[in-house]
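Hi everyone, thanks for coming along.

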Amino acid sequence: MRVLSGIQPSGTLHIGNYLGMMRQMIELQAQNELFCFLADLHAMTSLNRGADLRAKTLQAALDFLALGIDPDKAVFWVQSTVPEINELAWYLSNITPVGLLERCHSYKDKLAKGLPANAGLFNYPLLMAADILAVQSDIVPVGQDQKQHLEVTRDIAIKFNNEFGETFQVPDALIKEGVAIVPGTDGQKMSKSYGNTIEIFGEEKVLRKQVMNIVTDSTPLEQPKNPATCNVFKIYALLATAEQKLALAQKYRAGGYGYGEAKKETFALLWEYFRPYRERRAELSQNLDAVQKILQKGTDKARAEIAKTLQAVREKTGAFL
Ligand code: ADP
Ligand code: TRP
């Protein structure tokens with residue numbers, strides 16, 4: 001199977017990104033053809049400040065490599081280094097009904113938050129469809145929030161195939177149950193834009209603070225507590241083993257155990273879980289030239305693959321050959 005997904009390097013990556021998408025990608029690379037990229041063009045819809053975005057892109061590359069993307073197995077690149085994606089987005093735009101894009105929740109949400117209705121924001125799902133269709137992906141691992149974008153991609157692929165003959169593989173989203181919507185420290189979906197994240201590679205002090213800030217109810221320390229409704233427990237459970245989960249649930253139910261203690265245990269669990277990755281990341285960050293080379297190799301491989309799709313699309317749409 002061909003697997004593709006991307007992530008916007010628009011801020012520091014968090015455990016919602018890791019559990020919702022990155023971990024699935026890393027697991028899938030062993031048995032599949034994996035395409036993984038950093039969606040810097042998409043990030044420009046919310047942030048475009050030259051060196052700042054470039055630095056964030058490099059940091060996200062370090063994150064992904066440290067967590068286990070293997071450049072010998074996977075094709076790993078930065079979106080803007082493959083200009084053919086934008087070319088494909090243009091061809092696709094000519095068969096995409098405006099209504100399809102107008103209905104997208106993420107577009108509507110961003111407008112509701114006061115972002116200006118620029119064409120980049122509006123065309124966001126079209127560029128995403130181009131990312132996916134360009135490499136003929138079968139499967140796209142994402143969190144729940146991207147489900148509608150995958151539906152748009154499928155609609156576009158089917159419409160193009162109907163009008164021009166079989167051209168694109170129609171992809172399926174892969175949304176993993178249990179981690180489709182990882183809660184943030186305030187109980188809403190964890191998101192870079194909500195300020196409620198727990199970072200994967202945060203400094204010890206920052207990470208501890210993020211965990212200590214998880215919102216809880218005001219059940220007094222002595223009283224029994226319900227793990228199922230507690231944000232701290234929910235976050236702990238995401239990375240704990242079955243035994244660890246059971247042990248913490250017992251402490252909750254027994255009473256005499258406060259949320260402060262639970263937060264300390266959660267911090268310790270997170271810190272240990274990511275320790276080997278943190279060490280690997282520190283090594284990689286000492287060798288940025290090697291990281292640049294990995295990305296360059298990824299660009300070359302991605303371009304070669306995408307060129308095949310583009311050739312077929314140019315022929316069919318009438319682009320001058
Ligand atoms: P953010 O909302 O933090 O900006 P992105 O939109 O860049 O995150 O998402 C990158 C990937 O991580 C997507 O596949 C998205 O579905 C997934 N993801 C983001 N937040 C979560 C979350 N809280 N739970 C599960 N998956 C998530
Ligand atoms: N829109 C995705 C997000 O915010 C990122 C993305 C861009 C993507 N292109 C993609 C995800 C293609 C999967 C496939 O998370």
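Let's start with ligand 2: the space it takes is the largest pocket. By pocket I mean, on a 1 Å grid over the protein atoms alone, an open set of points where a 1.4 Å probe fits, with protein on both sides within 12 Å along at least five of seven lines. A molecule sits in a pocket if more than half of its atoms lie within 2 Å of its grid points.

A quick word on ground rules. This is a predicted model, where local features need pLDDT of at least 70 and side-chain atom pairs count only at pLDDT 80 or more, while totals for chains, interfaces and linings use all residues. Residues are numbered from 1 along each chain as its sequence is written, chains are lettered from A and ligands numbered from 1 in the order in which they are written, and side-chain values use heavy atoms, with hydrogens and water left out.

Back to ligand 2. There are 14 residues around it, and those that come nearest include Tyr-124 and Asp-131; near means a heavy atom within 4 Å. Now the polar contacts, meaning pairs of N or O atoms within 3.5 Å. Gln-8 has a side-chain N or O atom 2.9 Å from an oxygen atom of ligand 2. Tyr-124 places a polar side-chain atom 2.7 Å from a nitrogen atom of the ligand, and for Asp-131 the side-chain distance to a nitrogen atom is 2.7 Å. Of the 370 Å² that ligand 2 exposes when taken alone, the protein buries 92%, by the Shrake-Rupley method with a 1.4 Å probe.

Which helix gives the largest share of this shell? That's H7, with 4 residues. H7 spans 119-134, and strand S1 (2-7) also supplies at least two residues. Helices here are DSSP runs of H or I, at least four residues, and strands are runs of E, at least two.

On to ligand 1, which has 18 residues around it, His-14 and Lys-192 being among the nearest. A backbone N or O atom of Val-182 lies 2.7 Å from a ligand nitrogen, and the side chain of Lys-189 has an N or O atom 3.0 Å from a ligand oxygen.

Thanks, happy to chat!

Key. Polar contact = N/O pair within 3.5 Å; in protein donor to acceptor, adjacent residues only side chain to side chain. 1 Å grid on protein atoms, 1.4 Å probe; cavity = no way out; pocket = protein on both sides within 12 Å on 5 of 7 lines; lining within 4 Å.
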